[in-house]
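Q: I would like to learn how to read charged pairs and surface patches in a model. Could you take me through them one step at a time?

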Amino acid sequence: SSDTVKMTVASEKQVAVGVAPMDVFLVKEGDATEWTFFYSDIEGFDYESGYEYVLEVKKERVEEPIPADASSIKYILVKEISKIQKESSDLP
């Protein structure tokens with residue numbers, strides 16, 4: 001099954017610790033007002049630092065078996081709604 005969501009991606013990545021320290025996107029999904037750490041990749045999305053993006057992203061359930069360090073959801077870029085050169089505000 002798959003769903004399509006609107007996702008805002010912050011203008012900079014931050015270091016978060018999953019299995020090991022890694023650079024992750026900061027995102028707001030749907031109407032969220034708080035930034036959250038996003039540990040997955042978005043297939044087809046070409047990120048450039050210094051820009052805040054609004055994307056339409058398809059969430060697709062990944063078939064078993066799922067690697068231990070992987071998400072059970074795959075994210076695929078449907079379309080880039082906007083790309084604005086700016087510094088994202090209120091980052092954690």
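Q: In this predicted model, which residue forms a salt bridge with lysine 74?

A: The general idea is that side chains of opposite charge can pair when their charged atoms come close. Here lysine 74 pairs with glutamate 60, and the closest N and O atoms of this salt bridge lie 3.8 Å apart.

Q: Why does lysine 74 count as partly exposed, and what about lysine 58 and glutamate 60?

A: The class follows from relative accessible area, with buried meaning under 20% and exposed meaning over 50%. Lysine 74 has a relative accessibility of 33%, so it counts as partly exposed. Lysine 58 is also partly exposed because its relative accessible area is 27%, and glutamate 60, at 23% relative accessibility, falls into the partly exposed class as well.

Q: How many salt bridges does the structure hold, and which residue pairs with lysine 83?

A: The structure holds seven salt bridges. Among them is the one between lysine 83 and glutamate 48, whose closest N and O atoms are 2.8 Å apart. This pair, too, connects distant parts of the chain: lysine 83 lies in strand S7 (residues 73-85), whereas glutamate 48 lies in the loop between strand S5 (42-43) and strand S6 (51-61), and the two are 35 residues apart. Lysine 83 counts as partly exposed because its relative accessibility is 36%, and glutamate 48 is likewise partly exposed, with a value of 37%.

Q: Which residues form a nonpolar patch on the surface?

A: For a patch of this kind, one looks for nonpolar side chains within 5 Å that have over 30% relative accessible area. In this model Met22, Phe37 and Tyr39 form such a patch, and together they have about 270 Å² of accessible area. Methionine 22 is located in strand S3 (residues 21-29), and its relative accessibility of 31% places methionine 22 in the partly exposed class.

Definitions and conventions: Residues are numbered from 1 along each chain as its sequence is written. This is a predicted model: local features need pLDDT of at least 70, side-chain atom pairs count only at pLDDT 80 or more; totals for chains, interfaces and linings use all residues. Side-chain values use heavy atoms; hydrogens and water are left out. A salt bridge is a side-chain nitrogen of Lys or Arg within 4 Å of a carboxyl oxygen of Asp or Glu. Helices (H or I, at least four residues) and strands (E, at least two) are DSSP runs, numbered from the N terminus. Buried means under 20% relative accessible area, exposed over 50%, partly exposed in between (1.4 Å probe, protein chains only). Patches are made of residues with over 30% relative accessible area and no salt bridge: like charges are joined within 9 Å, nonpolar side chains (Val, Leu, Ile, Met, Phe, Trp, Tyr) within 5 Å. Accessible areas come from the Shrake-Rupley method with a 1.4 Å probe; for residues, only the protein chains shown count as cover.
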